[in-house]
Structure formats: C-alpha cells, structure tokens
Amino acid sequence: MPYRVSSSLPLCKTATSVYTLARERELPKMAIHFRNRIRFPDYSIQKPSGYFFFICRFISKSLSESTYDPPFSPVSKLRKAKKKKTRDGNSNSNENPTLPLHSNLPFDFFYSYSETNPSVNPIGYRESPKFSPFGPGRLDRKWTGTSAPAEVEVKINEVLEERKRILGDPLSEEEVAELVEQYRHNNCSRQINLGKGGVTHNMLDDIHNHWKRAEAVRIKCLGVPTLDMDNICFHLEDKSGGKIIYRHINILLLYRGRNYDPKNRPAIPLMLWKPYAPIYPKLVKNVADGLSFDETKEMRNRGLNSPPLMKLTRNGVYVNVVDRVKEAFEFEEVVRLDCTHVGGSDCKQIGVKLRDLVPCVPILFKDEQIILWRGKKDHEEDMKS
C-alpha cells in the first residue's frame with residue numbers, strides 16, 4: 001500500500017520525515033524510493049550571479065581608498081626613490097668612486113693605532129696578507145697583513161705647518177669653558193664611544209663627520225685602552241689633526257681648529273671588515289726570566305692564593321690600575337688581579353699593557369686571573385728611576 005504524503009507540510013520536511021520513518025521501520029526499499037524521487041538543491045554547484053560580483057568589487061574598492069587596508073585589498077605601487085643630484089646635475093659621485101682610492105694622509109694605515117705596536121713583528125698570520133680589509137683593488141696602498149704603509153715619502157715640516165694653520169690661534173679660557181659646557185654632558189649628541197679596539201682607522205672618518213656640524217666631538221673611552229690615556233690622546237691628535245681641550249678621567253673633547261674646512265677634509269678610505277689579529281710571540285713563558293722552574297711554580301701558587309689587589313669589570317675604566325699596581329709592588333712581590341667576566345682576550349691585553357707601563361712580568365693567566373711578578377732587584381731600580 002503506497003504512502004500518502006501530506007500536502008500541508010513543505011516538500012523538504014515531508015520527505016525528510018518519511019525518510020527517517022522508513023529507516024526506523026527498516027524499510028530500505030521505501031527510503032531508496034523517496035531518495036531517488038526527491039532531490040534536494042545543492043547550492044555549492046550553483047555559480048554566483050553577476051550582482052554578487054558587483055557587490056564584492058564595490059566593497060573592495062571602497063575599502064582600498066580608505067585608511068583601512070585589509071589583507072586582500074589591491075596593493076598600491078611603491079614609489080621609487082629619486083637619486084640625489086649635485087649642482088652639476090649629475091648623480092651622487094660618492095656612489096661610484098674612482099678606484100683605486102688615494103689618500104694623502106702622512107701615516108701608515110692600521111686597524112688600531114693605539115693598540116698596535118709597530119716595533120713588534122708577528123710570527124704568523126691567521127689569514128693571507130693578500131686579503132686587504134679595504135677591499136680588492138680599492139686602495140692604492142699594499143696591505144702587508146698588519147698595515148698599509150704610505151708609498152710617498154712624508155715631509156714632516158710641511159705636515160706640521162699645515163696642522164698649525166688649521167688649528168689657528170689658541171683658544172682663550174672663555175672659549176674653552178663654553179665648548180666644555182656644551183659638549184661635556186652625557187646627553188651630548190656629538191659623542192663617539194671608544195672601546196677595546198682603541199683609536200681605530202674608521203673612527204677617524206666618524207670624527208670628521210661630526211666636525212662638519214660641530215666644533216668639537218666628545219669621546220668616551222672604556223675598556224683596555226683606558227690603562228694608558230696619554231697614548232689615546234696622542235693618537236687622536238696625531239691622526240685627526242685636532243686638539244684635546246678637555247680631559248677628565250675617561251672623557252675627552254677633541255677640537256677641530258679655527259680654520260677647519262669640512263669641504264677640504266682629508267680622504268679616508270674605510271675598512272670594509274675587521275682584519276684577523278696576527279699571531280705574536282707567547283706572552284707567558286714556562287719559566288720566567290731570572291727564576292728557576294720551581295721558583296716560577298712557587299710564585300704562581302703564591303699569586304693564586306693571595307687576595308686580589310683589584311677586581312676589574314668588563315668594559316670598565318682602568319685609569320688608576322697602573323698606579324695601584326706600582327704601589328702594591330713596593331710591599332708585595334706578586335700581585336693578583338681578579339678579571340672575572342672580563343674575557344680571556346681582554347685579560348691578555350691588560351697583561352701586555354701592564355708589562356710595558358709598570359713595568360712587570362706576567363707569569364700566569366688562569367681562570368680570568370692575572371698574576372704579576374715585579375721582577376728582580378735590578379728591575380726594581382729601573383722602576384724607581
């Protein structure tokens with residue numbers, strides 16, 4: 001007996017209820033009959049109409065013109081940066097300089113002028129000397145592995161006269177006080193930080209860049225170079241041509257001179273990377289000069305067991321370290337410096353500087369501890385004299 005479907009209910013609801021009833025009463029044939037006779041509309045197959053596309057384009061256009069930029073809105077075209085032109089109408093000439101570069105600076109180029117001793121020859125190199133840090137073919141000087149020596153003979157008298165002309169008349173006390181008050185504060189914008197590299201070659205270019213708009217530049221010194229501030233002042237004046245007008249602990253003011261012209265500043269080729277440090281002779285010998293093996297071992301043990309004279313911090317100010325070590329050697333034979341967290345390379349550089357400035361003999365570097373020996377009596381007489 002066929003089933004009659006009520007006409008008062010919607011077609012989809014009637015078919016669904018009958019289909020469910022058929023499944024519950026285990027009437028598979030009837031369920032298949034109604035499933036084949038009644039097909040429900042599949043809206044996923046239907047394509048959107050033209051009106052739908054019109055609405056979408058209208059919404060996307062209105063949103064792209066506003067400040068709100070959704071992730072799928074049309075991307076605006078990027079404006080190309082215009083090249084700056086000089087007075088002659090040509091593009092900037094610094095972008096494509098003529099190679100090789102030439103400089104009239106009357107000294108040899110080093111990576112660090114204050115931390116390099118030209119009198120000590122290295123025993124080896126960590127990279128081939130043919131790789132110049134100025135770049136291949138960018139400098140008319142040959143790189144030797146540690147320096148780029150000047151090929152033209154330097155006339156010292158002419159250099160000194162030119163520097164004297166640029167400096168002009170000495171500053172009065174009022175002018176010095178005015179410059180010091182302007183540049184000595186911590187919030188000074190004309191400041192250069194001098195770290196463990198000391199007076200580096202590229203720092204000279206930074207100094208001249210500051211001198212374009214300022215009469216003086218503030219230099220803040222930190223780290224190993226502060227052991228010898230006189231050496232830093234000498235190289236800053238010698239390599240830049242300026243004058244130190246203020247010095248307080250580790251703060252320096254470098255004055256450019258009355259007749260300094262930024263347009264006639266010297267050409268300073270920049271180093272493109274930091275060269276590897278060469279290999280120098282061993283700093284600490286197995287047996288110290290003037291001592292036997294057992295005496296050297298005893299000195300090292302005494303130094304490790306003694307209380308530290310000072311505790312040095314990383315990138316600190318070591319201005320008074322040399323004087324403290326000299327005073328300690330008047331009463332002690334061995335001195336220990338605690339350099340925890342300073343670093344192994346900085347410890348060795350501190351030992352080298354103290355060896356030359358005190359003078360003394362470094363006998364041990366262990367666990368960031370520096371053990372210094374004052375030497376024999378003849379060494380003490382040289383120190384007192």
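1. Is Phe 109 buried or exposed? Phe 109 is buried, its relative accessible area being 0%, where buried means under 20% relative accessible area and exposed over 50%, with a 1.4 Å probe and protein chains only. The model is a predicted one, in which local features need pLDDT of at least 70 and side-chain atom pairs count only at pLDDT 80 or more, while totals for chains, interfaces and linings use all residues. Residues are numbered from 1 along each chain as its sequence is written, and side-chain values use heavy atoms, with hydrogens and water left out.

2. Phe 109 and Phe 134 make a tilted aromatic pair, with 5.9 Å from centre to centre and 45° between the planes; rings of Phe, Tyr and Trp (its six-membered ring) pair if their centres lie within 6.5 Å, and planes under 30 degrees apart count as stacked, over 60 as edge-to-face and the rest as tilted. Because Phe 109 lies in strand 1 and Phe 134 in the loop between strand 1 and strand 2 (147-148), the pair ties together parts that are 25 residues apart in sequence; strands are DSSP runs (E, at least two residues), numbered from the N terminus.

3. The charged end of Arg 141 sits over the ring of Phe 109, 3.9 Å from its centre, the criterion being NZ of Lys or CZ of Arg within 6 Å of the ring centre and within 35 degrees of the ring normal.

4. One aromatic cluster is formed by Phe 107, Phe 109, Phe 110, Tyr 113, Phe 134 and Trp 143. Phe 107 and Tyr 113 are both buried.

Definitions and conventions:
Helices (H or I, at least four residues) and strands (E, at least two) are DSSP runs, numbered from the N terminus.
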